[in-house]
Amino acid sequence: MTTTNPDQELKARHRAMWASGDYPSMVETFLLPLGPVLVEACGVGPDMRVLDVAAGTGNASIPAAERGASVVASDLTPELLDAGRARAEAMGLELEWVEADAEHLPFPDEDFDVVMSSIGAMFAPHHQEVADELVRVCRPGGTIGLASWTPEGMIGGLFRTMGPFAPPPPPGAQPPPLWGSEDHLRGLLGDRVELTTLERRVLEVTAFRQPLDYGKHFKERYGPTITTAANARRNGREAELDAALADFCHEWNLGTDDEARFEQEYLLAVGTRN
Ligand SMILES: C[S@@+](CC[C@H](N)C(=O)[O-])C[C@H]1O[C@@H](n2cnc3c(N)ncnc32)[C@H](O)[C@@H]1O
């Protein structure tokens with residue numbers, strides 16, 4: 001007999017959400033530059049043992065492996081790990097791909113030289129549990145590095161736009177973009193990590209011709225937007241969501257009507273584990 005508890009049910013829903021749509025194509029379309037930025041900021045080098053948490057298709061894991069590190073790419077969603085494995089194999093790179101919940105990492109204490117996450121760990125619902133796990137599996141003197149969308153930036157704005165249409169968050173869950181707040185992050189890590197880099201940067205997005213193409217891309221491919229749209233549809237509010245997404249795309253467009261340009265702000269945080 002199999003038993004499930006509420007946490008397993010919640011994680012199963014999250015796994016299905018991230019497997020929906022086509023997240024791998026979003027990485028290829030505009031997210032690829034983030035991984036190498038994080039890997040560089042973490043100082044990843046040959047022979048280091050590196051853990052990428054919520055690695056998805058290996059956006060940070062693969063550039064870390066290219067630098068000669070021994071990399072474990074972990075994620076809740078096996079479909080994304082499979083896509084990452086295929087990408088790495090095509091590049092002739094060998095990594096370990098491990099299904100794992102960031103709130104309960106299946107690794108021993110102090111196992112890694114570098115523990116990093118590119119816009120990944122921020123999506124697990126219980127922030128303190130995740131932070132405790134990142135610290136636990138990193139060796140003293142090792143490096144913890146995170147890239148997280150900020151609350152004030154464009155993806156923070158997207159989550160605010162989707163919020164009224166989304167299913168109610170589970171009890172105890174905190175909003176993902178909080179990880180991009182300096183104060184929130186300091187509170188999560190406390191004095192266990194000496195932060196050496198804490199800077200806001202932007203990912204420039206020029207892959208979409210018209211501003212509304214951005215919203216369409218998310219509605220077709222991004223798990224959280226797909227889940228929100230399904231809930232809006234159930235509640236007869238899909239047209240309202242579409243209008244809110246259209247306003248959002250126009251509001252954040254820094255380019256023209258025929259050559260859209262967006263800036264997605266993220267917090268780059270790197271520190272040494274005490
Ligand atoms: C926005 S994607 C980021 C993926 C990748 N790091 C990147 O830079 O493209 C968020 C990732 O978080 C993963 N995720 C969500 N909740 C998780 C959890 N509780 N534990 C581990 N991974 C989780 C999803 O499966 C997804 O791969």
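Visitor: How do β5 and β7 pair, parallel or antiparallel?
Guide: Antiparallel, over 7 bridges. Keep in mind that this is a predicted model.

Visitor: Which residue is the bridge partner of G145 in β7?
Guide: V270.

Visitor: Is β7 mostly covered or mostly open?
Guide: Mostly covered. Of the 12 residues in β7, 9 are buried.

Visitor: And how many bridges join β6 to β7?
Guide: There are 12. These two strands run antiparallel. Within this pair, E199 stands opposite L268 in β7.

Visitor: OK, zoom out. What is the order of the strands in the sheet?
Guide: Read across, the order is β3-β2-β1-β4-β5-β7-β6. That makes 7 strands in an open sheet, and the pairing is mixed.

Visitor: Which strands stand at the edges?
Guide: β3, residues 96-99, and β6, residues 193-205. Each has a single partner strand, so one side of each is left without a neighbour in the sheet.

Visitor: What about the twist?
Guide: From one strand to the next, the twist averages 15°.

Visitor: What about helix α8, which strands does it touch?
Guide: Helix α8, residues 182-189, touches β5, β6 and β7 as it packs on the sheet. Its direction makes about 145° with that of β6.

Visitor: Back to α6. Which of its residues are buried?
Guide: H127, V130, A131, E133, L134, V135 and V137.

Visitor: What covers them?
Guide: The cover includes β1, β4, β5, α8, β6 and β7.

Visitor: Why might residues spaced along a helix point the same way?
Guide: An α-helix has 3.6 residues a turn, so residues three or four places apart point the same way.

Visitor: Let's pick one residue. Where is T143?
Guide: In strand β5.

Visitor: Why does T143 count as buried?
Guide: Because its relative accessibility is 17%, and buried means under 20%.

Visitor: What does T143 touch?
Guide: Not counting residues up to four places away in sequence, T143 touches C42, D113, V114, V115, C138, V270 and G271.

Visitor: New topic, the ligand. Which residues come nearest?
Guide: Y23, D75, T77, A102 and S118, out of 19 residues around the ligand.

Visitor: How far is the side chain of Y23 from an oxygen atom of the ligand?
Guide: An N or O atom in that side chain is 2.8 Å from the oxygen. The side chain of D101 also has an N or O atom 3.0 Å from a nitrogen atom of the ligand. For L76, a backbone N or O atom lies 3.3 Å from a ligand nitrogen.

Visitor: How much of the ligand does the protein cover?
Guide: The protein covers 100% of the 590 Å² of accessible area that the ligand has on its own.

Visitor: You listed T77. Is T77 buried or exposed?
Guide: T77 is buried, with a relative accessible area of 0%. T77 lies in the loop between β2 and α5. Leaving aside neighbours within four places in sequence, T77 is in contact with R15, W18 and A19.

Visitor: What about the phi of D47?
Guide: Phi is positive there, about 70°, although D47 is not a glycine. D47 sits in the loop between α3 and β1. D47 is exposed, at 73% relative accessible area.

Visitor: And what is phi for E110?
Guide: Near 55°, again a positive value in a residue other than glycine. E110 lies in the loop between β3 and β4. E110 is partly exposed, with a relative accessible area of 44%.

Visitor: Last one. Where is T57?
Guide: In the loop between β1 and α4. T57 is buried, at 4% relative accessible area.

Visitor: Which residues is T57 in contact with?
Guide: Leaving aside neighbours within four places in sequence, the contacts are P24, V27, I62, L80, A83, G84, R87 and W97.

Terms used
Residues numbered from 1 in each chain as written. Predicted model: local features only at pLDDT ≥ 70, side-chain atom pairs only at ≥ 80, totals over all residues. Heavy atoms only, no water. Pairing = 2+ DSSP bridges. Helix = DSSP H or I, 4+ residues; strand = E, 2+ residues; numbered from the N terminus. Axes fitted to C-alpha atoms, helices over the stretch in contact; angles between N-to-C directions. Contact = heavy atoms within 4.5 Å. Buried < 20%, exposed > 50% of the residue type's maximum accessible area, 1.4 Å probe, protein only. Near = heavy atom within 4 Å. Polar contact = N/O pair within 3.5 Å; in protein donor to acceptor, adjacent residues only side chain to side chain. Areas by Shrake-Rupley, 256 points an atom, 1.4 Å probe, with all protein chains shown as cover.
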